[in-house]
Amino acid sequence: MLKIIKRIVFTLILFVLFVAASAYIFSRFYLDKYLSRELIKIVDESSSGFYQLKIKKIQTNILLGSIELNEVEIKPNFAKFKGFVLENGNSYALDIRTFSIKGFRIWDIYKNNEIILSEFKLTEPKILITRKFAKEDTTTNRINIKSLLLKNFQKVEIGSIKFDKASIIYLDSLTNKPAEHALKDVFFELKEFYLDKKSTLTQDNFYYSKNISFHAGSYFYSLPGEAYDLKVDKVQFSARDSTLSVKKVVFFPKFNKLEFAKRNKYCIDRVELTIENIRSTGVDVREILYNGKVNCDSIILSSVFLNDFKDKRKIPDPNAAKKLPTSFLKSIPILIHIKEFNIKNANILYEEIAENGSIPGKLFLNDLEIGISNIVNDSSKIAVYPIMKLIAKGKLMNKAKFTASINFDMNSTIDQFEMSGNVSQVKFSVFNKLMYNLVGIQTSDGTLDNLSFIFSANDNISNGRLKFLYHDLKINLEDKKEDKKKKLKNLAVNTFVLNANPLRKNDTRTGTISARRNKSKLIFNYIFESLSSGIMETVLNNVAIGDIQNLKLTTKKIFTRDPEKKKERKERKQFN
């Protein structure tokens, strides 16, 4: 009996070895070559000869259900492209170090018309996309991968789809410029990918996946217009955890400040932006993919630096029209609802060269903390709660603490909003570099005790009240050695300016905020003009100004009435 069992075991071992050897010989000397020929043929026929496939090595193992392709290349046949119209005008090239499939079941494919795999993996794929290589065919519908798969199979089930150490580079063939997009060191995985003809998923535009993970080492984008580049480092995304994080974002001009202004016909802001960290939570990926809606719990930007430079020696763009935040948000074609948006530890430097100036005036905003709640353009959500609220605090010129809040009414058709704020005590001299370079004046003394304001505004006009408390204000026109001429000018200027609020034994003055919006400029200019209107009303000595105006008017009348004086004036003008 034992001998019989030994013979059976021995026979089975021989049979398994025979099957394994046969499978190896079949795969090595027939199936591998057959698959290679068929894949090359499929690529050639399916692309009508526009693309060619090359495979250096292919290995199949029927028993283990695995296929591995090494050094795979798919490249365009440029001779065929010439003169043809493409679906999207682009050409593609693909290099893959290793392309592997594991855990496939031939029986499922043959008998049940199903694709079931444990893993589909591309290692070091390099994708080169040449934009606008040929004319774009706008009449052709884009390929839907899901529809293509379900057309030939009842079900597709893959445990893991991976792209490891991938890179994608976009080139513009029309300008022969360097890469305008470059995404490098990418890891991408779809976990438990699933398609089924019989399920309700056939009604969706995409597919089911338990989790989508994405990591990218770097991303580079040369923006249209040849003015700016964008660089992003270390992007991580997980659909299961609903989180997105970015290590660093840099948005930078290609030219220095003066060269940038020289290259533009009109006065245009030159912006540099650095964000050290971005983190988002509660991102609803299915809403983005299936319904084109962006729903998010929170977005946090940390360690932000912004430098905005403007050269006003250039004329403003007569056709420029800037939208207020409410109109801009409503103009975005996708529905957005972000519950909380926060900026932490931000610093802003605004530089402006005046129309007749040469050195920029500088305004610093330091240690900024900004929170915006209920960023929404979805009418159904606006109907429930229409207010988008902004709260900010920080320092002006690294000295004066300030707070501000704005309530935007998303229901308003005229961009209605209300703003209030407060600036704490600070010496006027901290603003000298800003004021002297912009308007040629500075303060030699004085303290801002407190500035508080509240006003409402819309797309056309602002109205409100402002309380500007200060003392010992003294203005100088020039930063040079004093002479008699300068003293006379300073005396005249300070005559028209009240040096304190309140004046001794007088009541506190309040200013009226009233400004018309310049629609070619951003909301920051609108706020500045609104506050300036109230400050000027508080500071100016309207009695003295009225006296001078009356004196000028009286002098003009005297000269007009006296024929001799009129004649003398005319002769003097001719002589000069």
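1. The largest cavity holds about 30 Å³ of space. A cavity here is a set of points on a 1 Å grid over the protein atoms alone where a 1.4 Å probe fits but cannot get out; points are joined across faces, edges and corners, and the volume is the space filled by probe spheres set on them. With a threshold of 30 Å³ or more, the count is one cavity.

2. This is a predicted model, in which local features need pLDDT of at least 70, side-chain atom pairs count only at pLDDT 80 or more, and totals for chains, interfaces and linings use all residues. Residues are numbered from 1 along each chain as its sequence is written, and side-chain values use heavy atoms, leaving out hydrogens and water.

3. Which residues line the largest cavity? They are Phe260, Ala261, Ile268, Arg270, Phe309, Lys310 and Asp311, where lining means having an atom within 4 Å of a point. Helix 5 (257–263) and strand 15 (293–311) each give two or more residues to this lining, and strand 15 gives the most, with three. Helices (H or I, at least four residues) and strands (E, at least two) are DSSP runs, numbered from the N terminus.

4. Helix 11 (residues 523–539) has 17 residues and reaches 24 Å from its first C-alpha to its last, close to the expected 24 Å, taken as 1.5 Å times one less than the number of residues. Its buried residues (under 20% relative accessible area, 1.4 Å probe, protein chains only) include Ile523, Tyr526, Leu531 and Val539.

5. Cysteine 267 counts as buried because its relative accessibility is 18%. Cysteine 296 is also buried, at 6%. The structure holds zero disulfides, a disulfide being a pair of cysteine sulfur atoms within 2.5 Å.

Note on methods
Buried means under 20% relative accessible area, exposed over 50%, partly exposed in between (1.4 Å probe, protein chains only). On a 1 Å grid over the protein atoms alone, a cavity is a set of points where a 1.4 Å probe fits but cannot get out, and a pocket is an open set with protein on both sides within 12 Å along at least five of seven lines; lining residues have an atom within 4 Å of a point.
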